[in-house]
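Please have the model open while reading this note.

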Amino acid sequence: MDIYAQNILDHYKNPRNKEVLARADLASYEKNQSCGDELTVFLKLSGPKIYTIKYLGQGCAISQASISILSEKLVGDNVAKVLKYKFADIIKILGVPISDRRENCAMLGLRAIQKAIDKNKEK
Amino acid sequence: MIKRSDFPILTKKIVGRPLVYFDNAATTQKPLAVIKATSEYYSKFNSNVHRGINPLAEEATKRYEKSRDIIAAFISAKRAEVIFTRGATESINLVARSWGEANLKKSDILVLSIAEHHSNIVPWLQLKTKIGFKILYIPIKVDGRLDLMAAQKIILQPGVKFLGLSYASNVLGIVNPIKKIVKLARAHGIITLIDATQVLAHQPVNVHDLDCSFLVFSGHKMLGPTGTGVLYGKRELLAAMPPFLGGGDMISTVSLDSFTPNILPYKFEAGTPNIAGVIGLAAACQYLSDLGWAEIRAKEKELEQYFLDKIKTLKFIRILGTAEPKLPIFSLIVEGIHPHDAADLLGQEGIILRAGQHCAEPLHNHLGCSASLRASLNFYNTKREIDFFIKKLIELKKKFN
């Protein structure tokens, strides 16, 4: 299957949840140094679970579609579970094969979310 | 005569498609002559140079030093002025750490251009944190040309000690009027370093004529092996500089308390060098000389014009740097498509491109774009390849619309 499947391109062209979240519980900024892709994510929690994910950012179709999809799929997940997600989980969630050369693109969104949660843990 | 068949990789397939290699500014492909010279060294002459009193070492040394003669002649330098390094990056670091540390002070000004590769910015920033001098950057015009009026103003400021400038930017591909700028700098006692890395595969370089203090380049961007590079320096400058790396071959005597450096150029070549690589680089110089600049230039001009004519018909493409004279290096902004997506998808068609900032983040920030898609050609590319690239770009645009 094509990495640029209809679903990926759809999320790239019509991003979901791409807006600022006022009074977010958690927020973080993440950038891919090599390509300049960047994301700011905002989370609202409901107890130990993710209640809302919003974000702003710019970059390639893979990085932007990935955060758009995550902003829908991770809602309701326990933050402890989200922290354990790895590249293999992201491939499953995106539903397309991601080559090594696009790993950083696909992972940008998850890294931003994990960073926001991690920062919270440190507090 | 230009022969694609001299380059074995060009007949190969990638992901089942014929290889269209448009990433020559990153590294060029290698002709059989270079591949053979390198492997012949390992299969017939492998031995350490400058050390053994034995016939094998003697043969290896002879071939290594003969290579230095060929490479020196290629840029019209004297052999003692040609120092082998791992590449242009190491060459610039050598100048920064050796000449820079010994000669620069806090009140000095260094001049670079906004279009420099990171390798001609970062070594100076590293030194700046140690010494504390000021760095000024020459800006570029809207069409990518170096702003010569601004350059003159910056260079003529009191306190400027050093000018580091690329012969041509690896993003814009525009050839700077180096001779003119070096002349101005020299008239004011400024030390000049020219990064000629992008130029050597495309046109002749004559250090004697340019009259620069230093000139650096990488072998792998001019048909030679990776891990090879040259630092050219004027003899009196090199002679006065302290050694960079310490180790074998760069010394003439060593005691428990002190050492005496070797003569030039060995003073700057510590450790066993990349012997096979240097022999391969000499073969690359020989190959380019045999082919002749007239033929290379004519073919590349033709490709450049063809590429520009075709790309102009695509309204969704913008080229970064349109001024002449230009090398066949084209950094593109594709409206609505991120360079990484374009490089990935076109790569699946066998078209090898570079996406990103091409180690020139300050330039991309200056141009107001986060990244670009670079197609860099060489004399072995063809109009048919350009046609294929254009066709696939149009298909790509449709997919994203």
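1. B:R354 stands opposite B:R374 of β17(B). β17 (residues 372–376) and β16 of chain B pair in the antiparallel sense over 3 bridges. Strands count as paired if DSSP finds at least two bridges between them. Helices (H or I, at least four residues) and strands (E, at least two) are DSSP runs, numbered from the N terminus.

2. On conventions: this is a predicted model, local features need pLDDT of at least 70, side-chain atom pairs count only at pLDDT 80 or more, and totals for chains, interfaces and linings use all residues. Residues are numbered from 1 along each chain as its sequence is written, while chains are lettered from A and ligands numbered from 1 in the order in which they are written.

3. The sheet is open and has 4 strands, in the order β13-β14-β17-β16 (chain B), with antiparallel pairing. β13 (317–320) and β16 (354–356) of chain B stand at the edges with a single partner strand each, so one side of each lacks a neighbour in the sheet. Neighbouring strands are turned by 30° against each other on average, direction ignored. α11(B) packs on this sheet, touching β14 (329–334), β16 and β17 of chain B. Its direction makes about 160° with that of β16(B). Axes are lines fitted to C-alpha atoms, for helices over the stretch in contact; angles run from 0 to 180 degrees between N-to-C directions. Contact means C-beta atoms, placed from the backbone, within 7 Å.

4. Helix α2 (residues 55–74) of chain B has 20 residues. From first C-alpha to last it reaches 29 Å, close to the 28 Å expected; the expected span is 1.5 Å times one less than the number of residues. Its buried residues include B:A60, B:Y64 and B:I71. Buried means 20 or more other C-beta atoms, placed from the backbone, within 10 Å of the residue's own. The buried residues of α2(B) pack against α1 (32–45), β4 (82–85), β10 (229–233) and α9 (275–291) of chain B. B:S76, with a positive phi near 60°, follows α2(B).

5. In the largest nonpolar core, of 145 residues, A:I113 and B:V216 touch the most other members. Such a core is a set of buried Ala, Val, Leu, Ile, Met, Phe, Trp, Tyr and Cys residues joined through C-beta atoms within 7 Å. α9(B) gives the most to this core, with 10 residues.

6. The contact takes 10 residues from chain B and 10 residues from chain A. Helix α11 (residues 339–347) of chain B gives the most to the chain B side, with 4 residues.

Note on methods: Buried ≥ 20, exposed ≤ 12 C-beta atoms within 10 Å, placed from the backbone. Contact = placed C-beta atoms within 7 Å.
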